[in-house]
Amino acid sequence: MLVALAGPMSNFFLAIVFTLIISFLKNIIGVNIHNVFIIFFNVIVNINLALGVFNLVPVPPLDGSRIVAWILPLKLKEYYYKLEPYGVFILMLLMFTVGFSKIFRLADMLQFYLYTYLGIM
């Protein structure tokens with residue numbers, strides 16, 4: 001369970017660290033928001049948030065499936081693990097239908113709240 005949480009949590013941790021760097025550069029040093037470093041750090045924050053959200057999707061090859069399997073009762077866990085050979089196909093289906101747009105929309109929302117909380121926006 002802790003190993004499954006390590007991947008997404010490291011992504012969220014990196015997003016918070018780079019958000020704090022952006023806040024430091026903007027609020028304390030006074031760097032312009034259109035500076036190339038700020039833009040680069042914004043991309044790093046957005047990618048890490050998107051990867052963290054993507055890792056939490058409960059499809060068997062991803063970390064989210066291990067977390068869901070840890071929560072499920074033993075009988076349901078057996079059925080859940082039977083999905084594992086089809087996980088890659090389920091992921092492709094999700095990615096080509098609605099997956100990426102929803103993941104990036106959620107990552108953008110998390111980035112907005114993180115920036116608002118730290119007073120960057």
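This is a predicted model: local features need pLDDT of at least 70, side-chain atom pairs count only at pLDDT 80 or more; totals for chains, interfaces and linings use all residues.

Me: Which helices are included in what covers the buried residues of H3?

Reply: Let's begin with the residues being covered: in H3, Gly64, Ser65, Ile67 and Ala69 are buried. Their cover includes helix H4, which spans 74–81, together with H1 and H2. So the names to keep, with buried meaning under 20% relative accessible area, are H1, H2 and H4.

Me: Is valine 68 buried, partly exposed or exposed?

Reply: Valine 68 sits in helix H3, which runs over residues 63–71. Leaving out residues up to four places away in sequence, valine 68 touches Pro58 and Tyr80. Its relative accessibility is 28%, so valine 68 counts as partly exposed.

Me: How far apart are the C-alpha atoms of valine 68 and leucine 56?

Reply: Along the chain, valine 68 and leucine 56 are 12 residues apart.

Me: Which residue meets arginine 66 in a salt bridge?

Reply: Side chains of opposite charge can pair when their charged atoms come close. The count here is one salt bridge. It joins distant parts of the chain, with arginine 66 in helix H3 and its partner in the loop between H4 and H5, 18 residues apart. The N to O distance is 3.2 Å, and the partner of arginine 66 is glutamate 84.

Me: Which element gives the largest share of the largest nonpolar core?

Reply: The largest nonpolar core has 22 residues, and those with the most contacts inside it are Ile22, Phe41, Val45, Leu49 and Ile103. Two or more residues come from each of helix H1 (2–29), helix H2 (36–55) and H5. The largest share is eight residues, and the element that gives them is H2.

Me: Which residues does leucine 49 contact, leaving aside its neighbours within four places in sequence?

Reply: Leucine 49 is one of the core residues with the most contacts inside the core. With its sequence neighbours within four places set aside, leucine 49 is in contact with Phe12, Ala15, Ala107, Leu110 and Gln111.

Me: What kind of aromatic pair do phenylalanine 18 and phenylalanine 41 form?

Reply: A pair of aromatic rings is described by the distance of the centres and the angle of the planes. The count comes to three aromatic pairs. For phenylalanine 18 and phenylalanine 41, the centres are 5.4 Å apart and the planes are at 45°, which makes the pair tilted.

Me: What kind of pair do phenylalanine 112 and tyrosine 113 form?

Reply: Their ring centres are 5.6 Å apart. Their planes meet at 65°, and the cut-off for this class is over 60 degrees, so the pair is edge-to-face.

Me: Is proline 8 buried or exposed?

Reply: Proline 8 is found in helix H1. Neighbours within four places aside, proline 8 is in contact with Gly52, Asn55, Leu56 and Asp63. Its relative accessibility is 0%, so proline 8 counts as buried.

Me: What is the accessible area of the nonpolar surface patch that includes Val88?

Reply: Valine 88 lies in helix H5, residues 87–117. Its relative accessible area is 47%, so valine 88 is partly exposed. The patch is formed by Leu83, Tyr86, Val88, Phe89, Met92 and Phe96, and together their accessible area is about 660 Å².

How values were computed
Residues are numbered from 1 along each chain as its sequence is written. Side-chain values use heavy atoms; hydrogens and water are left out. Helices (H or I, at least four residues) and strands (E, at least two) are DSSP runs, numbered from the N terminus. Buried means under 20% relative accessible area, exposed over 50%, partly exposed in between (1.4 Å probe, protein chains only). Contact means heavy atoms within 4.5 Å. Patches are made of residues with over 30% relative accessible area and no salt bridge: like charges are joined within 9 Å, nonpolar side chains (Val, Leu, Ile, Met, Phe, Trp, Tyr) within 5 Å. Accessible areas come from the Shrake-Rupley method with a 1.4 Å probe; for residues, only the protein chains shown count as cover. A salt bridge is a side-chain nitrogen of Lys or Arg within 4 Å of a carboxyl oxygen of Asp or Glu. A nonpolar core is a set of buried Ala, Val, Leu, Ile, Met, Phe, Trp, Tyr and Cys residues joined through side-chain atoms within 4.5 Å. Rings of Phe, Tyr and Trp (its six-membered ring) pair if their centres lie within 6.5 Å; planes under 30 degrees apart count as stacked, over 60 as edge-to-face and the rest as tilted.
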